[in-house]
Amino acid sequence: MKKTFLAILLLFVISFAAKSQLRYTVKLDAGYQNFLSRNFEVDAGPDWKGYDLGENLGALDLSLVNGISYQENLRLGFGVGYLSYNKDISGYAFFGDLEYMFGHKQIRPLLNLKIGRNYIINDLKKEKTPFDIVDVAVGVETKFSQKLSGQLKVGLNFVGASYQFLPIRLGLRF
C-alpha cells in the first residue's frame, strides 16, 4: 500500500512539473499466449493446492491499461487483465506497463514491458494461486487519427519460475 501511494504521488509530481508534455492514455489489449515450455515439473503431493495447465496449452488474455504518455514516446501505466487457459482454469492479473515508441511517424516500432502478478483460480479447490509475471514484447503501432492508434505485439511472457509463453496481442490506444 505504501509503494502504491508513493507511485501515485510520483505521477502527480511529474504531471505538475511537465504539464504540456503529459497526457492521459488508455490501452485495450487482446491476445493469445501460445505455450512454449515449462522449466520444471511440480510433483503434486497430498497437500498440493496448485493446478496443472497441461501440455501445449495457451491462454486468451484481455487487458485494460490506464496511464500517462510523456511526449508521445514514453508511456507508463497500471493494468488489469483477464486470463482464460481453458474452461476450468482462468484468472486475472495486475501489472505495471511501460512502453517506449521510436520516432514520430505514422507507423513506428515499440518496446513493451509488463511486470506484475497473475492470480490463477485453482480448478480443484477454487483457490487463487499468485504467480509473478514478466512480459517483454516488441511490435509496431500505427496512428489511425490524432487520438486513436492500433498495435501489434509479440514477445515472451514468463509466469512464475516455470511457465513460458509467446504472447501475440492486438491493441487499441485512446
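**Cavities, core and buried charges**

About 40 Å³ of space lies in the second largest cavity. A cavity here is a set of points on a 1 Å grid, over the protein atoms alone, where a 1.4 Å probe fits but cannot get out. Its volume is the space filled by probe spheres set on the points, which are joined across faces, edges and corners. This is a predicted model: local features need pLDDT of at least 70, side-chain atom pairs count only at pLDDT 80 or more, and totals for chains, interfaces and linings use all residues. Residues are numbered from 1 along each chain as its sequence is written, and side-chain values use heavy atoms, without hydrogens or water.

Lining residues have an atom within 4 Å of a cavity point. For the second largest cavity they include Thr-25, Lys-27, Val-65, Asp-97 and Arg-173. Strand 1 (22-38), strand 2 and strand 3 each give two or more residues to this lining. Strand 2 gives the largest share, four residues. Strands are DSSP runs of E, at least two residues, numbered from the N terminus.

There are two cavities of 30 Å³ or more.

Asp-61 forms a salt bridge with Arg-169, with the closest N and O atoms 3.2 Å apart. The term needs a side-chain nitrogen of Lys or Arg within 4 Å of a carboxyl oxygen of Asp or Glu. Asp-61 lies in strand 2 and Arg-169 in strand 8, so the pair ties together parts 108 residues apart in sequence. Arg-169 also bridges to Asp-135, at 2.8 Å between the closest N and O atoms. Both Arg-169 and Asp-135 are buried, meaning under 20% relative accessible area with a 1.4 Å probe, protein chains only. Asp-61 is buried too, at 7%.

Phe-95 leads on to the largest nonpolar core. There, Phe-95 is among the residues that touch the most other members, including Tyr-85 and Ile-120. Such a core joins buried Ala, Val, Leu, Ile, Met, Phe, Trp, Tyr and Cys residues through side-chain atoms within 4.5 Å.

Key
Buried means under 20% relative accessible area, exposed over 50%, partly exposed in between (1.4 Å probe, protein chains only). On a 1 Å grid over the protein atoms alone, a cavity is a set of points where a 1.4 Å probe fits but cannot get out, and a pocket is an open set with protein on both sides within 12 Å along at least five of seven lines; lining residues have an atom within 4 Å of a point.
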